[in-house]
Amino acid sequence: MAAHAAAEGGADVTLFERNEKCGKKIYITGKGRCNVTNDCDPQEYLTHVVRGGKFLTGAVYTFPPRSLMEYLERGGLKLKTERGNRVFPESDKASDVTKCLEKYCRNAGVEFRFDEKVLKISILNSTMRGIITEKCEYFFDKVIVCTGGKSYPSTGSDGDGYKFAAMAGHNVIVPVPSLCGVNLKENYFKGMQGLSLKNVGLKVYIGGKLKKELFGEMQFTHFGASGPLVLTASALINREKNENVKLVLDFKPALSPEQLDARILRDFTAEKIRTFPTV
């Protein structure tokens, strides 16, 4: 999108891609379906940004989710909206998102260079000179860095962006994992590996104080917990010491203790001749 916007603005654009094709990370998002955005207004969108909402405010209001949807649909990508206002390609193929963006670029005259890794941004006396790749040095008056973070090295996101930012004089805060699964203490969760939970509550405590109450879906894994609720929680606790963090799971947040007790007694009465493994 950055390459297309620059080309549409009249610039001569060359896009360097270290992989053999475009959008390798897009191919694996949303379990191969690519959840491109959520169909909601900017204000609601920003309430779901766990960190950095203030920084993103200008961008989200300038180019809200609806604008992204219109942009992709103008490019020939048919979209659909599912539960939770999640927007996917109608085909359920993430590759169609990549094809749409690549088509935009090629129609605007963007030149692609695949299998060419950028090693360094060349800056002299605070003036942009260009880039140095594995194959050659190129001279440009402007460079846009779109590397992603360091979350998935096999897609190209191995942390090079932080290196390039440092070369340009930026101070880089050491990155930590975020929007990821959480390792849990003890081993009780291993017996629940693979168990998915819906409509549960999760309270995040930091230093003994309630930081956030979350509601939604999660699942237990071989290392602890994952799923939407836990991914959000991870962004709240990732710079905290383990001993300062406690997660409290509520399996039935909509019921009071008395209501839950009555529900359990009712179920036991209705299923009194069944054993637990068959319930």
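Arg106 and Glu102 both belong to helix α6, where they stand four residues apart, about one turn of the helix. An α-helix has 3.6 residues a turn, so residues three or four places apart point the same way. In this predicted model, Arg106 forms a salt bridge with Glu102, with 2.8 Å between the closest N and O atoms. Arg106 is partly exposed at a relative accessible area of 44%, and Glu102, at 21% relative accessibility, also counts as partly exposed.

## Salt bridges between separate elements

The whole structure contains 18 salt bridges. One of them joins the side chains of Asp92 and Lys80 at 2.9 Å, N to O; Asp92 sits in the loop between β4 and α6, while Lys80 is in strand β3, and the two are 12 residues apart.

Asp160 and Lys117 also form a salt bridge, their closest N and O atoms being 3.5 Å apart. Asp160 lies in helix α7 and Lys117 in the loop between β5 and β6, so the pair ties together parts that are 43 residues apart in sequence. Both residues are buried, and they take part in a network of salt bridges that also includes Arg18, Asp158 and Lys163.

Helix α8, residues 228–237, is mostly covered, with seven of its 10 residues buried; among them are Leu229, Val230 and Ile237. The elements covering these buried residues include β10, β11 and β13.

On the surface, Arg51, Lys211, Lys212 and Arg239 gather in a patch of positive charge, and Lys211 is found in strand β11. A nonpolar surface patch is formed by Leu260, Ile264, Phe268 and Phe276, which together have about 420 Å² of accessible area.

Conventions
Residues numbered from 1 in each chain as written. Predicted model: local features only at pLDDT ≥ 70, side-chain atom pairs only at ≥ 80, totals over all residues. Heavy atoms only, no water. Buried < 20%, exposed > 50% of the residue type's maximum accessible area, 1.4 Å probe, protein only. Contact = heavy atoms within 4.5 Å. Patch = residues over 30% accessible without salt bridge, like charges linked within 9 Å, V, L, I, M, F, W, Y side chains within 5 Å. Areas by Shrake-Rupley, 256 points an atom, 1.4 Å probe, with all protein chains shown as cover. Salt bridge = Lys/Arg side-chain N within 4 Å of Asp/Glu carboxyl O. Lys, Arg positive; Asp, Glu negative; His and termini not counted. Charge placed at Lys NZ, Arg CZ, Asp CG, Glu CD.
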